[in-house]
Amino acid sequence: MSAAEKTPYRYIGAKRRAKEHPRFVSGRGRFVADIALPGMKHVALVASPHASARIVAIRTDAALAAHGVMYVLTGEEFCANTDSLAVGVDAPKVTRFALAKDVVRYAGEWVAAVVADSRALAEDAAELIEIDYEPLPHVIDAEKALAPGAPLVHPAHGSNVLYHRKFVWGPVEEAFAKAEHKIAFRAVWGRSATVPIETFGIAAQWDAGTGILDIWASIQMPKFPDQTARALRLPGNAVRVHFDVDVGGSYGVKRGIKHTVLVGYLARRLGTPVRLIEDRLENLRGGDMQGPDRFFDMQVAFDRDGTIRGMKIRAVDDVGAYAGRSPFQLGKPVTAICGPYAIPAIEYEPTSFMTHKTPQEAVRGFGQAPTNFAIERAIDRVARHLGMDRIELRRRNFIRKEQFPYTIPSGSTYDSGDYHAVLDKALAAIDYPVLVRARDEARRTGKLAGIGVSTCLEPSGGNSAFEVLMNPKNENTTWMDSCLVRVDLSGAVTGVINNSSAGQGHESLVSTVLGEILERDPDSIRVVRADSLTALPSNSPVGSRMAIMLGGAAAGAARQIKDTLVAIAAHNFECSPEDLEYRDGDVSLKGAPEKKLGWGQLVEIAHRRFHRLPPGLEPGLQAKFVWQVPTGGDLPTPEGRIQIYPCYAFETHIVLVEIDPDTGKPAIRKYVCGHDCGVMINPDIVHGMTYGGIAHGIGAALYEKFSYTADGQLASGTFMDYLIPSAMEVPAMAIVDHCTPSPLTTFGQKGSGEAGYLGAPAAIANAVNDALAPLGATIDTLPMSHMEIWKAINAVVPAQAGTQRLPKNTGFPLPRE
Amino acid sequence: MSETLYTMEVEVNGMRRTGAVPARLSLVDWLRDELRLTGTHIGCEHGICGACSVMLDGEPVRACLMYAVQANGHRVTTVEGLARPDGSMSVLQDSFCETHGLQCGYCTPGMLIASQALLDSNPNPTEAQIRDAIGGNLCRCTGYQQIVEAVQLAAARTKSK
C-alpha cells in the first residue's frame, strides 16, 4: 500500500521493526540446542541401511559397555510401552513408532537409540551395535507400488494405497464433450522440502515428584502436546510443552513427533534429562520431513476463444513409508482447485500411496504449490495450443472483481480479490514490453531465454476441513486460535500466545494488534508464550493462519479490555457507555474532555478498588478470546463439497530466465511478484516471507530433490547433493503490493505465510519452457536441474558444436573433447 | 577410556579463554558447550550452510570444520562479540533489524559474521560483492533480499558518519 493511501489504522500497515530481532542479532536467541539441563544425556541413533528388511537380531552388549553410555533402547521395549503415532486418514493398521520393530521400511529408519554423556560418546557406542537384517523386496516408484503384486510397505493394511477418491464437481463430462479443444499431459513435482537450517531437536525432563514431563522442542505442529501425551500413555496434563523455544525455521516441516515420543520415553524411563538434536544426515534421511512427491495427469477442455470449460486432475502422491498427516496434503488444494479461474466443472482424483522411502511431512502450502504448478503449466499449454497470448488467456478466465464472493465447484467460497488489477500492476512494474525485448535480445545473442508468468491463489486462515473431507471417522470442525491479554497493576500490557514461532514475527503481530485496538504504543507491549498446561487452545502457525487467527484473537481480547475500561468509566461517571469516548487508553465524556478517567486510574480501579467496579465485573484486568476459523465448522456434502480455508490471497509472478545452451544452466535475470493479501499488518514481515517463499520456490523448481537410488538409498543426504539456493542463485526481486481487504477478518487481512512459494515454481517452470519453445522442447518435471534442461535440449537438438549428446545409460555428460 | 586433553588459550571476543579439550572437539562445540556462547549455530556440520561462521583473526571461518585446538593462540570473534563496547547494537546489527534482514534468526549470526568481515575489508561493497560474501551462508527465510539491503544500509550509514 503506498503512503498516499490513507488507512484507518495507526500502527497496522506502518513500518515497524520486529520485536523479535534484537535477541537474534545479538546472539541471544533461545533455540532448543541452547537449552542445557543439569545432568542432561544425549541420544545417537542407529539407522537402517536397508529400504526394506526383516530385523533378525540386534546385539547391544558392546555399546552398553562403552565409556559414557547409560542406555540402549530398541524397538522391542519402545513399542511395548508406547502407542502408535496418529494416522490422519482412515488407515489404523499403518502404525508408526520412532524405533522399528521386526521390520524396517526405509533406509534411514531408526532401529536403536543410544543414550550417553555426550553426543560424541553416544555416536561412538552406536557404531558398536550389530544388527542382522534379512533384506526384503522394496518398492520406491509409483508404477510399481500401485501395480498388483507389489511388495506391501504395510502388509497389515492390505495395499500400498492410503487414500483414493474421485471427486466430480459440476458437469465435467458435458464440458469435455462440448469443448472445442482438449489437451492432456503429465506434470511432475519432485520430492523436495523446505529444509530449515536448524535441524529438529528436543530436550525432555521427567519430574517424578510432580509427574510432569517437560518438553522443549523446535516445534511447529498442531495438537503436538496431545499427540505426545497419547503416544506416551500419559494424560494430557502430564506433558508440558514449552512454547518459548525459538524455532530455527520450519515452513511446515518441524513436526518431530516421533523424536519427541522417543526422547520423552527415555527421559521418563531413565529419570534424567535427555536431548536429541538431529545431525544433517539424520534430518534429511530419517527426520521424516520430505515433501510432496507427486505427479498430475492433467486434462483441460476449452474453446478456441480460450474459455476453459472443465479440468480433470489426477494427483498421485508418494508419502513414503508411513502416513502421519501427509495424505492431507492432497486435500488442502481442494479449497483452490481451479486456481483464480472461473472453471465451472472440475474432476479431482487424488491417490495417496506408500513406498519404502522416508516419510513425507507437511511443507509450506500443504500441497498447494505442486497443484498450482500443475494448473499453471496447463494454462500455458492451453495458450500454446491455441497460439494465444498466455496473459490474455489468464485475463479471460480470471474470476472478475465483481463476482466475489465466488463459490468454486469444490464448495469453497473465495472471499475477495482483484486478479486483473494485480496482474496489470505487476506487468507495469516489470515493464513487460521491455522484458519481452530483453528476452528477444538474449535469444539473438545465442542464449535461450524465456519469460514465465504464473497467477496463483494462496488459501489462508489455516482451517483443517480437509480432515473431515478425507476421513469420514474424523469430525473435527474447529481449528481455533486464542489470545490472553493482561493489563498489570503498573498498567503495562502483556499478550500471551500459545505456540512457538519460527520467524513469522508473532510477537510483532500481537503487539501491533493490541496497540492498535488499545491505542497504546506497541513497543511498550510485551508478548510472552504460555506452555501447554497454561495455554489456551491453539492450532499452531500452519496454513498461513496467524495474521488472521492470532491477529483476530488478539483483537478480540483487546476489545474486551477496552469495553471493560469503558464500563468502569461509565459506572463511575454514572452514564451510559455510549456517552463515553476512548482515546489512547483514557476514557472521557463526549463533549466534555475534562471529565476523564485516565488509563492509570482505570487500571487502579480494576485491580484495587472493587467498590468502584460495576456490579458483576470481575476484578483485575484481563481478557481471553478464542476464535473459530471464520466460515469454518461444516461437514462436507456427500459429493465432497466443503469450505476449507476462509481467505484467498493472490499472487502473480513474472520472471525472465536465461539458459546457457551449452550447459543447460539457468539463471534468473528479472523477478517481479504482484501480491494481494489484503491489509498487511507489518509490510516488512509480509514482504520478507514472500521473498523467502520465492527462494523456496526457486529451489523446488531448479535445484532441490531428495533423490533415491534404485535400491532405495537416499542419494542427497548432504548439502552437497541436496542443493539449497544461495544468494548467488536467488536474484534481486521486486514485490508490488495490492490490497483487496477480506470481508471476513478483523482488519481485512489475509494470510501470507506461504506467499511466494505458491507461485514461484509455476512461473519458473513456465519461463524455462518459454526458453525451450524455439527448440520445440518441453519439460514438465521439477526440479528442472541443469542436467534435466541439458537433456531436454539435447533430445531435440542434433549433435553440433557447443552441444553434446548424452551417452546412453549414464547420468552424466562426457567431458568435452 | 577417557580421551587425552589438550590445553589451549584463545582470545574470544577480546577476552582470554582457556580450555582443556579432546583433539576431536570442534571449535563450534567448544564455543557453544564449554564457553556457552550459543549465538553461533550448527546447521550442517559439513561446511556448506555457514550458520557456524566465526571470525578467526578477522577472517570468516566455519567453526564446524575446525577443531578447537586449531584455534589455540588465535583470536576468535563470535556474534556475541559484534556489539559496541557499551553492549548496544553495532551499525550492522541495527541495520539487520531495520531492513528486516532476518526472520527465524538461526542463520543470522553467520550472516552477520560474513557481512561484517566483508565490510571490514571493503566498506563500499557492490550488490554483487555482498552476494558473493554471503554466498557461503544459507538462509531459508529471507530469500537474501533484505539481508543484502541490510548490508547496503550498514555501508551507507558507516560512510555517512
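Two strands count as paired when DSSP finds at least two bridges between them. Strands (E, at least two residues) and helices (H or I, at least four) are DSSP runs numbered from the N terminus.

Welcome to the model: it is predicted, so local features need pLDDT of at least 70 and side-chain atom pairs pLDDT 80 or more, while totals for chains, interfaces and linings use all residues. Residues are numbered from 1 along each chain as its sequence is written, with chains lettered from A and ligands numbered from 1 in the order in which they are written.

**View 1. A four-stranded open sheet in chain A.** The strand order is β22-β21-β20-β26, with mixed pairing. β22 (526–529) and β26 (622–627) of chain A are the edge strands; each has a single partner, so one side of each lacks a neighbour in the sheet.

**View 2. Strands β20 and β21 of chain A, joined by four bridges.** β20 (residues 481–487) and β21 (residues 493–497) run antiparallel. Look for Val485(A), whose bridge partner in β21(A) is Gly495(A).

**View 3. Buried residues of helix α4 (residues 119–126) of chain A.** Leu121(A), Ala122(A), Ala125(A) and Ala126(A) are buried (20 or more other C-beta atoms within 10 Å of a residue's own, with C-beta atoms placed from the backbone). They span an arc of only 140° around the axis, so they sit on the same side of α4(A); the arc is taken over directions from the helix axis to the C-beta atoms.

**View 4. Helix α19 (residues 760–772) of chain A.** Here 13 of the 13 residues are buried, so α19(A) is largely enclosed by the rest of the structure.

Notes: The expected span of a helix is 1.5 Å times one less than its number of residues. A residue is buried if 20 or more other C-beta atoms lie within 10 Å of its own, exposed if 12 or fewer, and partly exposed in between; C-beta atoms are placed from the backbone.
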